[in-house]
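User: I would like to learn how to read features off a protein model. Please take me through this one step by step.
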Amino acid sequence: MTVKHILFDCDNTLVLSEHLAFEACAGLVNEILAHHKVNAQFTPNQLMTEFVGMNFRGMVVALRDKHGFALPDAELEAFVKEEEERVIALLKEKLQPCIGVDDVLAKLYNDKKYGLAVVSSSALRRVRASLEKVNQEKYFPHDHVFSAATSLPVPTSKPNPAIYIHAAQVIGVKPEECVAVEDSKSGTLSAVRAGIPVMAYVGSCEPEKQKELAQTLTDAGAKVVMYNWTEFESLLGKF
């Protein structure tokens, strides 16, 4: 079937945000665990290794379930808002685009062969702040930027496929008419479970870990693996 729409993950696919985001939220995670008398603490890198591709809400719920502490909805919502503020502040200060992606977005936008959208686990305010910081918001229709944390009636996180299903329905395309570009296992699983073919991107990962990540994303269902954005056009031809 002909590809009509390209759905981009945001964090570490369009923008180099994961390290910044985990740097900003690690302190809050550790505060939550200490408050609930959980004998565990995380560095930003440890959090990223365990929870990459998952939004903050999903991360905290996973920690709650693992360690068995009570977390009322009101308390969870307060923590989610606090994390969002901390992360956005740091992104506005330091965020950079992924290397090579701007040239690809500009060509896709000018050629107008495919529709373009962003499908993220992160909160919508954070996604929009990220796109605006690196001047990428101009490439995407305002109502085609989707957040698993914000855009759905019930907030969720990848690997739940709900946000990809929702995005395809809003855009008006069949899942098989799309290609998702994802850099994480949870994101790849989310798209695959929604019936959307995946192009994995590993270029934001440390060079010595890229082959391992490529295998992980392939095992999760990605059809092809992109190491550099210069490969995008040729790899898209494989769908």
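Analyst: Start with a single residue. Lys 107 has 41% relative accessibility, so this residue counts as partly exposed. This is a predicted model, and local features are reported only at pLDDT of at least 70.

User: Where is Lys 107 found?

Analyst: Lys 107 is part of helix H5.

User: Next, aromatic rings. How is a pair of aromatic rings described?

Analyst: Two quantities describe a ring pair: the distance of the centres and the angle of the planes. The whole structure holds 7 aromatic pairs. Take Phe 8 and Trp 229: their ring centres are 6.2 Å apart and the planes meet at 40°, so this pair is tilted. Planes under 30 degrees apart would count as stacked, and over 60 as edge-to-face. The two partners come from distant parts of the chain, 221 residues apart. Phe 8 sits in strand S1 (residues 5-8), and Trp 229 in the loop between strand S6 (224-226) and helix H10 (232-236).

User: Are Phe 8 and Trp 229 buried or exposed?

Analyst: Phe 8 is buried, at 0% relative accessibility. Trp 229 is buried too, with a relative accessible area of 2%. Trp 229 also forms a tilted pair with Tyr 201, at 5.2 Å centre to centre and 40° between the planes. Tyr 201 belongs to strand S5 (residues 198-201) and Trp 229 to the loop between S6 and H10, so this pair ties together parts 28 residues apart in sequence. Tyr 201 is buried at 4%.

User: Which residues form one aromatic cluster?

Analyst: The cluster consists of Phe 8, Phe 140, Tyr 201, Trp 229 and Phe 232.

User: How many residues has the largest nonpolar core?

Analyst: The largest nonpolar core has 38 residues. Ile 6, Phe 8, Leu 14, Phe 140, Trp 229 and Phe 232 have the most contacts inside this core. Helix H5 gives the most to the core, with 4 residues. Look at Trp 229 again. Leaving out residues up to four places away in sequence, its contacts include Thr 13, Cys 98, Ile 99, Val 104 and Val 181. A second, separate core has 26 residues, among them Ala 148, Leu 152, Ile 163 and Ala 194.

User: Now the sheet. What is the order of its strands?

Analyst: The order is S3-S2-S1-S4-S5-S6, in an open sheet of 6 strands with parallel pairing. Strand S3 (145-147) and S6 stand at the edges with a single partner strand each, so one side of each has no neighbour in the sheet. Neighbouring strands are turned by 25° against each other on average, direction ignored.

User: How many bridges join strand S4 to S5?

Analyst: Strand S4 (residues 178-182) is joined to S5 by 3 bridges, and the two run parallel. Glu 182 stands opposite Ala 200 in S5. Helix H7 (residues 162-171) packs on the sheet. H7 touches S1, strand S2 (115-120), S3 and S4, and its direction makes about 150° with that of S3.

User: Then the backbone. Which peptide bond is cis, with omega near 20°?

Analyst: The bond from Lys 158 to Pro 159 is cis. Pro 159 is placed in the loop between S3 and H7.

User: What is phi of Lys 112 and of Asn 135?

Analyst: Lys 112 is not a glycine, yet has a positive phi of about 55°. Asn 135, also a residue other than glycine, has phi near 65°. Lys 112 lies in the loop between helix H5 (101-111) and S2. Asn 135 lies in the loop between helix H6 (124-133) and S3. Compare both with the cut-off: exposed means over 50% relative accessible area. Lys 112 has 58% and is exposed. Asn 135 has 40%, so Asn 135 is partly exposed.

User: Over the face of which residue does Lys 112 lie?

Analyst: Lys 112 lies over the face of Tyr 109, at 4.2 Å from the ring centre.

Key
Residues are numbered from 1 along each chain as its sequence is written. This is a predicted model: local features need pLDDT of at least 70, side-chain atom pairs count only at pLDDT 80 or more; totals for chains, interfaces and linings use all residues. Side-chain values use heavy atoms; hydrogens and water are left out. Rings of Phe, Tyr and Trp (its six-membered ring) pair if their centres lie within 6.5 Å; planes under 30 degrees apart count as stacked, over 60 as edge-to-face and the rest as tilted. Buried means under 20% relative accessible area, exposed over 50%, partly exposed in between (1.4 Å probe, protein chains only). A charge sits over a ring if NZ of Lys or CZ of Arg is within 6 Å of the ring centre and within 35 degrees of the ring normal. Two strands pair if DSSP finds at least two bridges between them. Axes are lines fitted to C-alpha atoms, for helices over the stretch in contact, and angles run from 0 to 180 degrees between N-to-C directions. Contact means heavy atoms within 4.5 Å. A nonpolar core is a set of buried Ala, Val, Leu, Ile, Met, Phe, Trp, Tyr and Cys residues joined through side-chain atoms within 4.5 Å.
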